Amino acid sequence: MTVVGPFGLHVRDQALEADVQTGLAAVEAGLLEATKSDVPFITEAAQHLVRAGGKRFRPLLVMLASQFGDPDAPGVVPAAVVVELTHLATLYHDDVMDEADVRRGVESANTRWGNSVAVLTGDFLFARASHILADLGPEAVRIQAEAFERLVTGQILETAGPRDGRDPVDHYLDVLSGKTGSLVAVSGRFGALMAGADERTVDILTQYGERLGIAFQLADDVLDIASDSHESGKTPGTDLREGIPTLPVLRLRAQAAEDGKPDDLELVELIDGDLGGDDTLAEALRRLRAHPALEQARQDTVRYAQEARATLAPLPEGYAKSALEELCDAVVHRAG
């Protein structure tokens, strides 16, 4: 049993492990190649987050999904490079919108070079992803375009907030479906499609990716509150301090509005106040960690991971299916 990739997936078959490791190594080389420019400064900026590392969660899913067809098919690795380039591009843009200082343990691009360079570097990565897509055929271009539309729609919905009368939790889950679920769904779809899997298998792995992607983000929401380490790639409480609404906070707000308990209302007021000071943030984290809202968010994470696992039932038994099931377990484990 071997751990594969930064995500920590345990693979129980040597042949599958070799395929996945070889594929991920090829993706890494492809990312470096795709982020090269004749202008050295662009290369430096474009490779800033590539070299910072990351879980490579989406390429890993492409590799595992390809096992249900021919994993050595020529489109598999380029498709994995496309989804990771797209993901990286969104990180450059997200950091500008969130005014983030750190990403993946290094200085964010917007902090290092300013917002304009960060936005344009993200655009550069989108352009390079499109260039690779063109060689994968019109169907791949259409799939990516639809996913990108959903991703941007999710970001706009997050920025706009829920409309009057809309449940903020339902709104947030819709946001995650677009912002995160769409691209993880494409990872499963591309892996199966490029490997020549049948239409039913492609559909199953697309649905699996959608649900797993939402569970993955919900686990990060929980980690932002619950973790004392850097498991999420960010300092605990980062989203809380920046006022980014995450599921534990939304669950807290809903409970406070419904029950009107003084302690809950006081905690909401604390969170809505200035969390710039370390002591104030630590107090908010301490109280949230002890609140039932955090456990509710954990259970939401488990539910989506279980739904992802359940979609795999029709697939043939084997090491690839077991690895996909274990990915669900790994996401739940991240949420504690």
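Residues 24 or more positions apart make up 72% of the contacts in the protein chain that have a separation of 6 or more, where contact means heavy atoms within 4.5 Å. The structure is a predicted model, in which local features need pLDDT of at least 70 and side-chain atom pairs count only at pLDDT 80 or more, while totals for chains, interfaces and linings use all residues. Residues are numbered from 1 along each chain as its sequence is written, and side-chain values use heavy atoms, with hydrogens and water left out.

The overall form comes next. The protein chain has 16 helices and four strands; helices (H or I, at least four residues) and strands (E, at least two) are DSSP runs, numbered from the N terminus. Along the principal axes, the C-alpha atoms of the protein chain fill a box of roughly 60 × 50 × 40 Å. The radius of gyration is taken over C-alpha atoms, and the globule rule is 2.2 Å times the number of residues to the power 0.38. For 336 residues a compact globule would have a radius of gyration near 20 Å, and the protein chain agrees with this because its own value is 20 Å. Of the 336 residues, 52% count as buried. Buried means under 20% relative accessible area, exposed means over 50%, and partly exposed lies in between (1.4 Å probe, protein chains only).

Now to the helix pairs. Two packed helices are described by the angle between their axes and the distance between the axes. Axes are lines fitted to C-alpha atoms, for helices over the stretch in contact, and angles run from 0 to 180 degrees between N-to-C directions. Angles under 35 degrees count as roughly parallel, over 145 as roughly antiparallel, 65 to 115 as roughly perpendicular and the rest as oblique.

Helix 1 (residues 14-34) packs against helix 4 (residues 57-65) at an angle of about 135°, and their axes are 10 Å apart. Helix 1 is therefore oblique to helix 4. The crossing of helix 1 and helix 4 is right-handed; a crossing is left-handed if the near helix is turned anticlockwise from the far one by less than a right angle, and right-handed if clockwise. From helix 1, Leu-16, Val-20, Gly-23, Leu-24 and Val-27 make the contact, and from helix 4, Pro-59, Leu-60, Met-63 and Leu-64. Eight of the residues in this contact are nonpolar, one is polar and none is charged. Here Ala, Val, Leu, Ile, Met, Phe, Trp, Tyr, Cys and Pro count as nonpolar, Asp, Glu, Lys and Arg as charged, and the others, Gly among them, as polar.

Helix 4 also meets helix 10 (residues 199-226), and these axes come within 12 Å and cross at roughly 155°. Helix 4 and helix 10 are therefore roughly antiparallel to each other, and helix 4 passes helix 10 in a right-handed crossing. Phe-57, Leu-61 and Ala-65 of helix 4 touch Leu-205, Tyr-208, Gly-209, Leu-212 and Phe-216 of helix 10. Seven residues of this contact are nonpolar, one is polar and none is charged.

Helix 10 has a further partner in helix 9: their axes come within 6 Å and cross at roughly 135°. Helix 9 is therefore oblique to helix 10. The contact of helix 9 with helix 10 contains eleven nonpolar, nine polar and three charged residues.

Pro-168 lies in helix 9 (residues 168-194) and is partly exposed, with a relative accessible area of 39%. Not counting residues up to four places away in sequence, Pro-168 touches Pro-162 and Leu-250.

Arg-56 sits in the loop between helix 3 (48-51) and helix 4, and is buried at 7% relative accessible area. Most residues other than glycine have a negative phi. Arg-56 is not a glycine, yet has a positive phi of about 55°.

Gln-255 belongs to helix 12 (residues 247-259) and is buried, with a relative accessible area of 17%. Leaving aside neighbours within four places in sequence, Gln-255 is in contact with Gly-260, Asp-264, His-291, Pro-292 and Gln-296. Pro-262, in helix 13 (residues 262-272), counts as exposed at 63% relative accessibility.

Arg-334 is part of helix 16 (residues 319-334) and is buried, with a relative accessible area of 12%. Arg-334 and Leu-218 are 116 residues apart in sequence, and 9.8 Å apart in space from C-alpha to C-alpha.
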